[in-house]
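Student: I have the model open on my screen and would like a close look at one part of it. Could you pick a spot, start there, and then talk me through what surrounds it?

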Amino acid sequence: MKKKYTTQAINLKNYPLNDNDSIVVMFSKTKGLISAVAKGSKRPKSKLGARIQMFIANKLMLLEGKNLDTIAEAQSLNTFSKIRYDLDKLSYSMYIAEVVNNFCSKQFNKDENYEEIYNLIFSTYENIANSNSKKDILFNSLKFQIKIMAILGWGLDFNYCSICQKKIEDDSYFSFFEGDFLCRECAKNSSGQRIKINHKICKFLSILEKTDINQKTKYDDLVNDLVLERCFSFMKKYIDNLTNKKTKIFKVLEETKVV
């Protein structure tokens, strides 16, 4: 008899297995990134059909399988429905799903911090769904980028030089060869691509990393769209370099100058 288990999971993508069944890729609260078969989900009267769409959080009962588990029951916890009716919300939510798919595989995420990651994805999607402007969407997506890196052990130290370990008092330089921030003197001797980043931006990013994703900061009302776009683009490039995979969403951002 197949073993049953229950978990909460957020759908990241799905694709057809055959004429009647689908495979759903999810991030679960207890097992991390998993794939499962939703039998009969493509049939018109299927109860699972509506519950396996992207960006839906479900409480699930699954049957363990040799290669793929099977969804036995699904109860929606949050459909994040407002994401589907706004192109910006949809695009940034797809980006987040792609990052999780690329970065939360066993190759990168070996610690059992699944619940923390699940809660981060859930809160981010909830906040994006309830955003009232492009600025809010960008801000929540940037917070996700910073938080997911910190959780996975790839967080950046925005305040100290990675070579001399001294606190950076003025503008810093990010080296994509070193994968970290450098002071002015150490940057002179570094090789590879590097970019100059204003010290106020580093302070801003550092505060976001230390602040709960649902907690308001003093920057919420002060930061403008341009700064958010450049910070998002910088973090996107950092993440892409770590995974050695370029996220396919937002190709236009590749043309955007980083900070």
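**From a loop to the barrel and its helices**

Tutor: Let's start with Phe 55, which has a relative accessibility of 2% and therefore counts as buried, since the cut-off is under 20%. Keep in mind that this is a predicted model. You'll find Phe 55 in the loop between β3 and β4. Its backbone deserves a look too: phi is positive, about 65 degrees, and the residue isn't a glycine. Most residues other than glycine have a negative phi.

Now for a second case. Gln 165 also has a positive phi without being a glycine, this time near 70 degrees. Gln 165 sits in the loop between α3 and β6. Is it buried or exposed? With a relative accessible area of 53%, Gln 165 is exposed, because the cut-off for that is over 50%.

Back to β3 and β4, the strands on either side of the Phe 55 loop. Both belong to a closed barrel of 5 strands, in the order β1-β2-β3-β5-β4, and the pairing in it is mixed. Going from one strand to the next, the twist averages 50 degrees. Zoom in on β1 (residues 4–16) and β2 (residues 22–28): 7 bridges join them, in the antiparallel sense.

For α1 and α2 the angle is about 170 degrees, and the axes are 10 Å apart. That makes α1 and α2 roughly antiparallel, because anything over 145 degrees counts as such. On the α1 side of the contact you have Lys 89, Ser 93, Ile 96, Ala 97 and Val 100, and they meet Ile 121, Thr 124, Tyr 125, Ile 128 and Ala 129 of α2.

A polar atom of the Thr 124 side chain lies 2.8 Å from the backbone oxygen of Leu 120. Leaving aside residues up to four places away in sequence, Thr 124 touches Ile 96, Asn 140, Phe 144 and Ile 213.

Next, helix α3 (residues 134–151), which leads us to another helix pair. Its axis comes within 9 Å of that of α5 (residues 199–210), and the two cross at roughly 70 degrees. An angle from 65 to 115 degrees counts as roughly perpendicular, so that's the label for α3 and α5. Contacting residues include Phe 139, Leu 142 and Ile 146 of α3, and Phe 204, Leu 205 and Leu 208 of α5. At the start of α5, a side-chain oxygen of Asn 198 comes to within 2.7 Å of the backbone nitrogen of Lys 200. Cys 202 and Ser 206 are among the buried residues of α5. The cover over those buried residues includes α3, β6 (172–175), β7 (180–182), β8 (194–197) and α6 (225–243).

Let's finish on β6. Both of its faces are covered: Ser 172 and Phe 174 point to one side, Tyr 173 and Ser 175 to the other, and all are buried. β6 pairs with β8 in the antiparallel sense over 4 bridges, and it runs antiparallel to β7 as well, joined by 3 bridges. Tyr 173 has Lys 196 as its bridge partner in β8 and stands opposite Leu 182 in β7. Between β6 and β7, which form a hairpin, there are 4 residues, and Gly 179 in that turn has a positive phi of about 75 degrees.

Key:
Residues numbered from 1 in each chain as written. Predicted model: local features only at pLDDT ≥ 70, side-chain atom pairs only at ≥ 80, totals over all residues. Heavy atoms only, no water. Pairing = 2+ DSSP bridges. Axes fitted to C-alpha atoms, helices over the stretch in contact; angles between N-to-C directions. Polar contact = N/O pair within 3.5 Å; in protein donor to acceptor, adjacent residues only side chain to side chain. Contact = heavy atoms within 4.5 Å. Parallel < 35°, antiparallel > 145°, perpendicular 65-115°, else oblique. Buried < 20%, exposed > 50% of the residue type's maximum accessible area, 1.4 Å probe, protein only.
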